[in-house]
Amino acid sequence: MSTPIENLLGIMARLRDPKDGCPWDIDQDFADIAPYTIEEAYEVAEAIYHGDMAALKDELGDLLFQVVFHARMAEEAGDFDFQAVVDAIADKMVRRHPHVFGGDAKVADAEAQTAAWEGFKAHERALSPAGGETPSALDGVALALPALVRAEKLQKRAARVGFDWPEKAPVIAKIREELDELAHEIDIDAPDGRIQDEIGDLLFACANLARKTGIDPETALRGTNAKFTRRFKRIEALLEAQGKTPEASSLEEMDALWDQAKAEERT
């Protein structure tokens, strides 16, 4: 009798079978599947955000299927298979947790383990630099990450080698500086490219402040997105009760209803 993972691997092999498989699954390659993999990871995060355990179970299954899909394509190409993926991650976890899996290493708390983990990663990057280039503290921060997440990770990497303000005040000053520069470019009607650069600089500085305060900027922005969605839908509902739509309402009317929605949340 096959194990659940063996059953899943068998299903994937059938789907990719050149003769009797699914035409869509057969036609996919790594680049085709990558967006789905990212999407499934976000759906896992969304289920966690909502505390929906039934959805989390389903989304974790979808994400696991993405791993199986990639591993199957790699096996067909003769690069590696699912077992190699499992073996590699198992080896890595043991290697990066010497305080758990033997050895004399000691870790006092979660913060110390985070520092040790990053040390292991830096050592591994130094042993195999990307493309044979001189190793950099920024190596390994994936380009495919959401820009806000990647900004924070780049800043953390730079901070570990001393490129960081020790206090929050200079970061706040930097945000004000970037905002002033953006306002200036807008005032002089600068080309879109320059305004884009200044907006990017401002967002990067805001991500840095989030890092300095111990707040995950992606989580913070997701929370604000959810709050905006909730309040705007309340505006729509209040307008509908008046027989109106947002399109047929003034900004002043909607702004007043926005304040009402905010007040309702505080009560």
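**Aromatic pairs and salt bridges**

Guide: The count of aromatic pairs comes to 4, where rings of Phe, Tyr and Trp (its six-membered ring) pair if their centres lie within 6.5 Å; planes under 30 degrees apart count as stacked, over 60 as edge-to-face and the rest as tilted. Phe65 and Phe69 make an edge-to-face pair, because their planes stand at 75° and their ring centres are 6.0 Å apart. This is a predicted model, in which local features need pLDDT of at least 70 and side-chain atom pairs count only at pLDDT 80 or more, while totals for chains, interfaces and linings use all residues. Residues are numbered from 1 along each chain as its sequence is written, and side-chain values use heavy atoms, with hydrogens and water left out.

The pLDDT is the predictor's confidence in each residue, from 0 to 100. The protein averages 91, and 90% of the residues score at least 70. Helices (H or I, at least four residues) and strands (E, at least two) are DSSP runs, numbered from the N terminus.

Phe65 is partly exposed at 22% relative accessible area, whereas Phe69 is buried at 2%; buried means under 20% relative accessible area, exposed over 50%, and partly exposed in between (1.4 Å probe, protein chains only). A further aromatic pair, Phe228 with Trp258, is tilted, with 5.5 Å from centre to centre and 45° between the planes. Since Phe228 lies in helix H10 and Trp258 in helix H11, this pair ties together parts that are 30 residues apart in sequence. Phe228 counts as partly exposed, at 47% relative accessibility. Phe228, Phe232 and Trp258 are linked by ring pairs into a cluster.

Charged side chains form the second topic. Side chains of opposite charge can pair when their charged atoms come close. Here a salt bridge is a side-chain nitrogen of Lys or Arg within 4 Å of a carboxyl oxygen of Asp or Glu, and the count comes to 14. In one of them, Lys174 meets Glu178 at 3.2 Å, N to O. These two residues are 4 residues apart in helix H8 (residues 169-187), and therefore separated by about one helical turn. Lys174 is partly exposed, with 25% relative accessible area, but Glu178 is buried, with 6%.

The salt bridge between Arg234 and Glu264 has its closest N and O atoms 2.8 Å apart. Arg234 is in helix H10 (residues 217-241) and Glu264 in helix H11 (residues 251-266), so this pair ties together parts 30 residues apart in sequence. Arg234 is partly exposed at 32% relative accessibility, and Glu264 is partly exposed at 30%. Elsewhere, salt bridges that share partners join Arg16, Arg72, Glu75 and Glu76 into one network. Arg72 and Glu76 stand 4 residues apart in helix H4, about one helical turn. Arg72 is partly exposed at 24% relative accessibility, and Glu76 is partly exposed at 37%.
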